[in-house]
Structures are given as structure tokens and as C-alpha cells.
Amino acid sequence: MFRTVLIANRGEIALRVARACRELGIRVAAVYSTDDRDSEITRYADQAIHIGPGPVRRSYLNLAAIAEAARMSGADAIHPGYGLLSEDPDLAEVCEDLGVTFVGPPPDVMRRLGDKAAARALMRGAGLPVLPGSDEPDADPRRAADLAAAVGYPVIIKAAAGGGGRGMCVVRDPGDFDRAFRETTASAQALLGDGRVYVERYLESVRHVEVQVLCDRYGNGIHLGERDCSVQRRHQKILEEAPAPGLPRELLDRLNRAAVTGALAAGYVGAGTLEFLVDPEHRFHFMEMNCRIQVEHPVTEMLTGVDLVHEQLRIAAGEPLSLRQEDVVPRGAAIECRINAEDPERGFAPAPGTLTEFDLPAGPFVRVDTHCRPGYRVPPAYDSLLAKVVVWAPDRDRAMARMRRALAEFHAAGPGVHTTTEFLRSVLDHPAFTGAEHDTSVVAGILASRSSGHPG
């Protein structure tokens, strides 16, 4: 096992990884920007290293600064968390050059799966169902428009290097395609530094279901079940649960097995997630693979009792999988709510500020992952996530009741601060959600009913 792990991230995931390291007897080194100099991870870590000013490109995305922090700390591994550099193959290659282990898949695998168009082709070759669309990114808007016409509207234009809801645009009218193509290309270039895009058939009224997998370097792979992530705003998740409710178990079992097949076909190593869309006819379609631990990983941990970060570290250290498929036994139901410093009434616009009050829920089977505290100033330049509230119960009805209670106990306030807490409570009370009949349009439906003054 490693002696020292450098955590190349910030916020709650930095603390989450640090706690896992400490439990495994690993020394923790952390990085921080000027804006994060008073963050919890700087107090928790054995060593905290300043890597630059607030803007992420001058600190958390600065490969040279991360490499120097690894050298200064004597780290023998780097854990990238999620977001920031977590899916950057260049960081994995820097690790190789430094003689440091990257906690994640090999750079060539990450590069292949990070190109969403290439990943579609790879999974199609492995026998997974893939939506009709581009075989490779296309820079020619006229050729892409011809493909969209052949695929059939609506279509979605996606950034080849995208993910996490970034760099995509739905087009319902052929007359809008050219403008949307150029805007998405420009947006992808600005957001991701890669303007390549591809076209895919867009499905209405779908469920977003993803599968957690673990693979070691010896060709072994397992799944830890699925998570339903259909509650989204702007293609970004705000509530996740497991198991996926209201879908046939036989369908989900096939989907889980397909995920392992796809991961092994890609040569994947580590903890990863394959994301799928499930249409109203209960057909599933591969969407993308995320080469990292995900925000919603505690849902799976609550359901299976498996510490995914422990497993990540063991796999990265060269150990074979400690679990067989039959060892993974999901029990009950788990739900996660992301509490963001955002104002749902203003289109979920960021609403940061200093937290003068910050009270957390407690009680049996309630977990809160957070880096915040009273007096903490939520930096406007970073992700707006304040906390993840996760609950477990023997069944979904009792998990929803527990989450309603937990959200009622959650309280964050300060000048200018708004949170998504009350909106999440309205999701939990929405008939489509309680009846497990919701899809990815449920948030838009709640917002529309609010603006019209009619109950959703």
C-alpha cells in the first residue's frame, strides 16, 4: 500500500479521500489555492501545499504545480477526486514520468474513453446498444446537418471532450441546427479547450441510469449495481438513488452485466461508471463512461457496504479485486441529495456567500459529506456544492421519509446565500417521483408548475 497520497482536489471530495487514506494508514498530503487557504482539508491533512491563486487554471488545473506538490510531499500516489484533473490523461502521464501512481485508469484508456465519440464506437464494438449518431467528431456543420437529418430530430450536439452536463445542445428544428452546431463548438472550445462535437439522436422522456464498476489490472471486473440519476437540472444531477425504482429487475440485471462487458472491453482499471439512457419501451442505450469516482458514489456505498475509495486505492496499489460478483449484495434503498448554493427561482444561478449558520442532519442511517462549517465563505469561483445528504432505509418509501426528515433538519444561511434544499423537498413530494414514474424532465416540470401557479 502507499505511504503518502497527494489529493489533487478540493472541497468535500478531498476530505472524503483523505478519510479513506487515514483508515488505510496512508499519510495525507493536500493542495490548496489562495482562496482555499482556510479550507477543512488544510486542517485535516498531514501536509498542505499551496499551489497558486484562486482561478483553477492557475492552481487546481496547473499540472506543473501539482507535480511540484507531489515532489515536495514525497507522495507515491496522486488521487484526483472528481472534476478538475480527474479525467485528464496528461496528469496520469505526468505521474508516470514522476514515478508516482495515478489512482485511476491508464492514460491511454482514459484518453480513449474521454473522447465520447470514440467511446461510443468502442462500446458498439463490444456489443452494447448505442444511439444512432456520429461515428467520430465532425467539424463540418453541413455534413453534421445531413447526419442529423438521417438520424431524425430531435438530436443532441455534444462536445467530444464533454461530460457532467457541459457542452451540449438539444436541437428540435432542422432550421436551428447550423446555429446550434456553431454555438456548441464555440462553447466546447471555451469550456473544455476542445471544440470537437458529435451528433446523437435525442430521446425524450428517458431515465438516466448508471452502473458502478470496479476493475483490476488482472482482467477482473464486477459491478456494484445501478443508480438512477434522472433528477437533473441543465443535464446535471441533483438527486440520485439506488436501486433504480420502477424498472424491471431483469432489465437492470442485463444493464449491469453490459456495463462490466464494456468496461473490460475498454481495458478499464479502477472505479468507473457507465451511463445509460432507458427509454419508455425499456430499451437501454450506452451514453458515456466516466473514468473516476463520482459525486454520487455514497449511494452505492450505503447500499452495498463497500468503501469505493478504499477499493480504488487497493486496485491502484496493484492488488487484485477483493470482491467477487457474488460478494456484492445490495440491500434496501439509498438516496442522495446534493445541496448546492444556488437559487432555483433564478434558474439555479449560483448564490454563494459566507455561511453564518450551518446545521447538519443526524440520526440513524444518515450520512453527510461536506467541507463547510459556520463562518465558511463559499468561493464564487468554484463548484457550488455545499453538502451531500445521503440516507439508507430498508425500502424506498422509508428512504424517502428519512430524506424528508434529514432535509428538514438541514439549515444553511448567510447574506446572499440560497440553497437547493427546499427545491429537493418538492422533488421528494412530487407524485411522479414518489410513484417512480419520473424521467429526466421532472425538474423542468416542477419549475413550470411553479411559474404557472398550478401544482405539478
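How many Å separate the centres of domain 2 and domain 3, taken over C-alpha atoms? I looked this up to begin with, and the separation is 27 Å. I note that the model is predicted.

**Entry: domains**

I took the bounds from the domain assignment of the chain, which gives domain 1 as 4-103, domain 2 as 132-201 and domain 3 as 207-452.

**Entry: the sheet of five strands**

I followed an open sheet of five strands, and I wrote down its order as β3-β2-β1-β4-β5 with parallel pairing. The edges are β3 (47-50) and β5; each has a single partner strand, so one side of each is left without a neighbour in the sheet. I noted for myself that strands of a sheet pair through backbone hydrogen bonds, either parallel or antiparallel.

I then checked individual pairs. Four bridges link β1 with strand β2 (residues 27-32) in the parallel sense, and Ile-7 stands opposite Ala-30 in β2. Strand β4 (residues 77-79) and β5 are joined in the parallel sense by two bridges, with Ile-78 opposite Phe-102 in β5.

**Entry: Arg-10**

I found Arg-10 in the loop between β1 (4-7) and α1 (11-23). Is Arg-10 buried or exposed? Its relative accessible area is 12%, and because buried means under 20%, Arg-10 is buried. The side chain of Arg-10 makes a polar contact with the side chain of Asp-36, at 2.6 Å. Not counting residues up to four places away in sequence, I listed what Arg-10 touches: Asp-36, Tyr-60, Leu-84, Tyr-376, Pro-379 and Tyr-382.

Leu-84 was on that list, and I looked at Leu-84 next. Leu-84 is in the loop between β4 and α4 and is partly exposed, with a relative accessible area of 32%. The phi of Leu-84 is near 45°, which is positive in a residue other than glycine.

**Entry: other backbone points**

I kept in mind that most residues other than glycine have a negative phi, and most peptide bonds are trans. Phe-348 also has a positive phi, near 60°. I placed Phe-348 in the loop between β15 (342-343) and β16 (349-350), where it is buried at a relative accessible area of 3%.

I noted two cis peptide bonds. One joins Tyr-153 and Pro-154, with omega about 0°, and Pro-154 is in the loop between α7 (141-151) and β6 (155-163). Another runs from Ala-242 to Pro-243, with omega near -5°, and Pro-243 lies in the loop between β11 and α9 (249-265).

**Entry: helix α5**

In helix α5 (residues 107-114) I found Pro-107, Val-109, Met-110 and Leu-113 buried. Why do the buried residues of α5 line one face of the helix? Seen down the axis of α5, they fall within an arc of 160°, so they line one face. I listed what covers these buried residues; the cover includes α4 (89-98), β5 (101-102), α6 (116-125) and β13 (284-290).

**Entry: the sheet of eight strands**

I traced an open sheet of eight strands in the order β13-β12-β9-β10-β11-β14-β19-β18, with antiparallel pairing. At the edges stand β13 and β18 (366-370); each has a single partner strand, so one side of each lacks a neighbour in the sheet. From one strand to the next the twist averages 25°.

How many bridges join strand β14 to strand β19? I found eight between β14 (residues 333-340) and β19 (residues 385-393), which run antiparallel. Arg-338 has Lys-388 as its bridge partner in β19. Helix α12 (residues 396-409) packs on the sheet and touches β11 (236-242), β14, β18 and β19. The direction of α12 makes about 145° with that of β19.

Ala-271 counts as buried because its relative accessibility is 3%. Leaving aside neighbours within four places in sequence, the contacts of Ala-271 are Gln-212, Val-213, Leu-214, Cys-291, Arg-292, Ile-293 and Gln-312. The C-alpha atoms of Ala-271 and Asp-115 are separated by 18 Å, and the two residues are 156 residues apart along the chain.

Note on methods
Residues numbered from 1 in each chain as written. Predicted model: local features only at pLDDT ≥ 70, side-chain atom pairs only at ≥ 80, totals over all residues. Heavy atoms only, no water. Buried < 20%, exposed > 50% of the residue type's maximum accessible area, 1.4 Å probe, protein only. Contact = heavy atoms within 4.5 Å. Polar contact = N/O pair within 3.5 Å; in protein donor to acceptor, adjacent residues only side chain to side chain. Arc of directions from axis to C-beta. Pairing = 2+ DSSP bridges. Axes fitted to C-alpha atoms, helices over the stretch in contact; angles between N-to-C directions. Domains from an automatic or database assignment.
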